[in-house]
Amino acid sequence: MITRIVIIIVLFCLSKAGFGQQVNIDKIRREYAGAVKDEDLCEHNLKVLKEGAKSPTDKVYLAAYQILLAKHIGNPFKKVGQFKEGKNYLEEVIKENPNHIEARFIRWSVQVHAPSFLGYNNNILEDKNFLVKNLYKLPNEEAKSIIYNYLKGANPYLKGGQVFSATELKELAQ
């Protein structure tokens, strides 16, 4: 009897400590744009990513959700601190994976929408050009479609060199 109890306790502890929540990156990716307006969704996905992010793609979305959480914080000092934490983590991931297509997309989307006073806008055109030249290489068709639709949908709101030309949109659609 005692042996059974010990085994059950050990298995329970292992399941809590060692395995955490499994990251469903396809779901996380699909919910990225919605998490901008939905604080509960943002917090839930951030928790899942903090517990289970292992791959570079998981880590990219962990950084993205850290940044998104800043939108839901009222205190301006905490808001800026949260933004910087996510930004720094995103830059680390990009430094380790400079050709990671989704990382460059996330950085582009953050920089395009970040308030100018944060000073996080130096890579917009670099990332835009990278996406135009490389999006077709993304092996996950759903991810490619999500990114393309996001870029195409954002285009009417962009300014200057940020705007994707008809030729660039055609390249992105490949």
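Helices here are DSSP runs of H or I with at least four residues, numbered from the N terminus. Keep that numbering at hand for the tour. The model is a predicted one.

**Stop 1: the whole chain**

You will find 9 helices and 0 strands. From the N terminus, the order of elements reads α-α-α-α-α-α-α-α-α. The chain has 174 residues, and 40% of them are buried. Now consider the contacts with a separation of 6 or more: 59% of them come from residues 24 or more positions apart.

**Stop 2: the largest pocket**

The largest pocket has a volume of about 470 Å³. Its lining counts 20 residues, and those closest to the centre are Val 36, Leu 68, Lys 71, His 113 and Ala 114.

With 5 residues, α4 is the top contributor to the largest pocket.

**Stop 3: His 72**

Is His 72 buried or exposed? Its relative accessibility is 17%, and buried means under 20%, so His 72 counts as buried. Select what His 72 touches, leaving out residues up to four places away in sequence: Ala 35, Val 36, Lys 37, Asp 38, Glu 39 and Cys 42. Two of these names come back. Val 36 is among the residues closest to the pocket centre. Asp 38 is part of the next stop.

**Stop 4: helix α3**

Select residues 39-52, which form α3. Begin at its start. A side-chain oxygen of Asp 38 comes to within 3.2 Å of the backbone nitrogen of Asp 40. Next, check the length. The 14 residues of α3 reach 20 Å from first C-alpha to last, close to the 20 Å expected at 1.5 Å a residue.

Now look along the axis. Leu 41, Cys 42, Asn 45, Leu 46, Val 48, Leu 49 and Gly 52 are buried. They lie on the same side of α3, because they cover an arc of only 165° around the axis.

**Stop 5: helix α6**

Select residues 101-113 for α6. Its 13 residues should span 18 Å at 1.5 Å a residue, and the end C-alpha atoms are 19 Å apart, which agrees.

Why is α6 described as largely enclosed by the rest of the structure? Because 12 of its 13 residues are buried. They include Glu 102, Arg 104, Arg 107 and Gln 111, along with Phe 105 and Trp 108. To see the cover, display α2, α4, α5, α7 (124-134) and α8 (141-154), which are among the elements over these buried residues.

**Stop 6: Ser 109**

Stay in α6 and centre on Ser 109. Its relative accessible area is 1%, so Ser 109 is buried. Which residues does Ser 109 contact, leaving aside neighbours within four places in sequence? Tyr 32 and Tyr 150. Draw a distance to the first of the pair. The side chains of Ser 109 and Tyr 32 are joined by a polar contact of 2.8 Å.

Conventions:
Residues are numbered from 1 along each chain as its sequence is written. This is a predicted model: local features need pLDDT of at least 70, side-chain atom pairs count only at pLDDT 80 or more; totals for chains, interfaces and linings use all residues. Side-chain values use heavy atoms; hydrogens and water are left out. Helices (H or I, at least four residues) and strands (E, at least two) are DSSP runs, numbered from the N terminus. Buried means under 20% relative accessible area, exposed over 50%, partly exposed in between (1.4 Å probe, protein chains only). A polar contact is a pair of N or O atoms within 3.5 Å; within protein, one must be able to donate a hydrogen and the other to accept it, and residues adjacent in sequence count only if both atoms are side-chain atoms. Contact means heavy atoms within 4.5 Å. The expected span of a helix is 1.5 Å times one less than its number of residues. The arc is that of the directions from the helix axis to the C-beta atoms. On a 1 Å grid over the protein atoms alone, a cavity is a set of points where a 1.4 Å probe fits but cannot get out, and a pocket is an open set with protein on both sides within 12 Å along at least five of seven lines; lining residues have an atom within 4 Å of a point. Grid points are joined across faces, edges and corners, and a volume is the space filled by probe spheres set on the points.
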